[in-house]
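Could you show me around this structure, one selection at a time? I have it open in my viewer and would like to know what to click on next.

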Amino acid sequence: MALPEILRTPLALPAFASPMFIASGTELVIAQCKAGIIGSFPALNARPQPVLDEWLAHIGSELESFAAAHPELPVAPFAVNQIVHRSNDRLEQDMASVVAAQVPIVITSLGAREDVNEAVHSYGGIVLHDVINDRFARKAIEKGADGLIAVATGAGGHAGTTSPFALVREIREWFDGPLLLSGAMGHGRSILAAQAAGADFAYIGSAFLSTHEANVTDGYKDMIVESTSADIVYSNLFTGVHGNYLRGSIEAAGLDPADLPESDPSAMSFGSSDAKAWKDIWGSGQGIGSIGQRLPAADLVAQLRAQYDEALATPIWTGSRHATLTAD
């Protein structure tokens, strides 16, 4: 299956920047798109709800103006993430804003709903759905999603436990549509590895938490730079869904990362009530060991591109001789 037209837009890298609760705001999304990768944000980050209309108008206007002034540069489209869970009491209003603005790409999480997919399709948009296993992937496509985001082990925030190689391979056995891979994407070589595994795009989140434009505290940014995969703790305590978090933030909250209780999954909530948890307990994926400094988003994308290009030019072993990978 060929990629939808919107995903064939020229990009600096075959990559999406994932939507991060609190951290992804208009400044970060605009910087990511201007740098040539698809930026995204959770609709719930725009508070109160009418602010979402302002954000959508601002992002669209900024990118349109920048593209007109710089026709030589790849300016990427943007995406909005919708939490499709019964506790999200803003979903109907947020979807009305998305449809009115004709957001080109919608990312759905924690539930797949046919009515949401149909609303996006009504104006020609596409829906990509977060999945942590093959069963959820099949359900998402059955309900009308256009593509999938394989959230493998090591991803920041809510994440699964399946190896990226296993998850991508299982999905590719039956699905040839758009596929993104999430999980420890902190280096340009990881982007190429995602493609080699069978994904169309890498899905990068935690690396952008340290950027100048991320809407998080300096302490959070510094902890991203200073931490490694050994500092990531997997727990469902904070939202009811298992996810990856920075050990240092858990300790700062007075909790023992080695002795966290289990939360009741039936009590999970995704709305204003979980803002404090994410503000104090900092999500992160395992790929942050590659992040050595705080950079503007554009510089991080350029760094990832240089690493990606270097990986493409690196000889690989092919049995009795070496070969060099080439880009499509």
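This is a predicted model: local features need pLDDT of at least 70, side-chain atom pairs count only at pLDDT 80 or more; totals for chains, interfaces and linings use all residues.

Stop 1: Begin by colouring the strands. Eight of them make up an open sheet with parallel pairing, and their order is β1-β9-β8-β6-β5-β4-β3-β2. At the edges you will find β1 (15-17) and β2, each of which pairs on one side only.

**Stop 2: a pair of strands.** Now select residues 105-109, which are strand β4, and residues 126-131, which are strand β5; the two run parallel and are joined by four bridges. Which residue of β5 is the bridge partner of Val 106? Click on Val 127 to see that partner.

**Stop 3: Ile 38.** Next, go to the loop between α1 (26-34) and β2 (39-42), where Ile 38 sits. Is Ile 38 buried or exposed? Ile 38 is buried, because its relative accessible area is 1% and buried means under 20%. Show what surrounds Ile 38: beyond its neighbours within four places in sequence, its contacts include Leu 7, Leu 11, Phe 16, Pro 77, Phe 78 and Ile 105.

**Stop 4: Gln 32.** Finally, step into helix α1 and pick Gln 32. Gln 32 is buried, with a relative accessible area of 1%. Setting aside neighbours within four places in sequence, Gln 32 is in contact with Ala 17, Ile 37, Gly 39, Ser 40 and Phe 208.

How values were computed
Residues are numbered from 1 along each chain as its sequence is written. Side-chain values use heavy atoms; hydrogens and water are left out. Buried means under 20% relative accessible area, exposed over 50%, partly exposed in between (1.4 Å probe, protein chains only). Contact means heavy atoms within 4.5 Å. Two strands pair if DSSP finds at least two bridges between them.
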